Amino acid sequence: QHQRDSIASADSAFWGDSCFQLHVKATDYYNAGYTDSLEMFVPGALKTCLEHNMLERYYIIWGLLADEYVWDDDFEKGVAEAQRIQEDALKRDSEYGLFVAYKVLGNGYGCRGNNEQAASNIRKAIDHYHAKDFAPVMLPYNTLTDVLNHLDRYEECDSALTEWKAILESNRRGEKSE
């Protein structure tokens, strides 16, 4: 009886940890290229994250599914999913959700060789990112500078690199990067 009493009830569970574990599982499916498993897993994970107001995890997991479609060369499906993320993020007034949606759109257009649209969407993603952790914007900055370089827009590329350097320096000093 004592052991059963010491186990946390569902009402007192730390949902941040649970949603993080859902994120880890979704990432495992994504990294392994298990699209079918990811498609089956995501709806339940999204429901759990949303029920417990873990919106960042919600959008991260959803973005993994949309990105998986893009990398599986299903551009239309990836863009459609990113647009659903964007609509949801606008409804919830979530800057992080918009970051995820625009990042996926930028990746999709980049994969299709449409560097103008890729640059535009990645720039929008970066502009919607306001969190302290700089890791999520590392790849978007890399993608942005790559496509700007391909477009021969060197001044914009230099500006993006200067922004990125400032973020890295502020994080090295322990400042918030906004």
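A residue is called buried when its relative accessible area is under 20%, exposed when that area is over 50%, and partly exposed in between (1.4 Å probe, protein chains only). The views below come from a predicted model, in which local features need pLDDT of at least 70 and side-chain atom pairs count only at pLDDT 80 or more, while totals for chains, interfaces and linings use all residues. Residues are numbered from 1 along each chain as its sequence is written, and side-chain values use heavy atoms, with hydrogens and water left out.

**View 1. Glu 81, a buried residue in a helix.** Glu 81 lies in helix 5 (helices are DSSP runs of H or I with at least four residues, strands are runs of E with at least two, and both are numbered from the N terminus). With a relative accessibility of 9%, Glu 81 counts as buried. Its side chain makes a polar contact with the side chain of Arg 84 at 2.6 Å; such a contact is a pair of N or O atoms within 3.5 Å, and within protein one must be able to donate a hydrogen and the other to accept it, while residues adjacent in sequence count only if both atoms are side-chain atoms. Leaving aside neighbours within four places in sequence, Glu 81 is in contact (heavy atoms within 4.5 Å) with Trp 62, Leu 65, Ala 66 and Tyr 69.

**View 2. The largest nonpolar core.** A nonpolar core is a set of buried Ala, Val, Leu, Ile, Met, Phe, Trp, Tyr and Cys residues joined through side-chain atoms within 4.5 Å. The largest one here has 49 residues, and Tyr 59 and Ile 61 have the most contacts inside it. Helix 4 (55–71) is among the helices that each supply at least two residues of this core, and the largest share, 10 residues, comes from helix 4.

**View 3. Two aromatic pairs.** Rings of Phe, Tyr and Trp (its six-membered ring) pair if their centres lie within 6.5 Å, and planes under 30 degrees apart count as stacked, over 60 as edge-to-face and the rest as tilted. The structure holds 10 such pairs. Tyr 59 and Trp 62 are stacked, because their ring centres are 6.5 Å apart and their planes lie at 10°. Tyr 59 is buried at 0% relative accessible area, and Trp 62 is also buried, at 10%. Phe 134 and Trp 164 form a tilted pair, 6.0 Å centre to centre with 55° between the planes. Phe 134 lies in the loop between helix 7 and helix 8 and Trp 164 in helix 9, so this pair ties together parts that are 30 residues apart in sequence.
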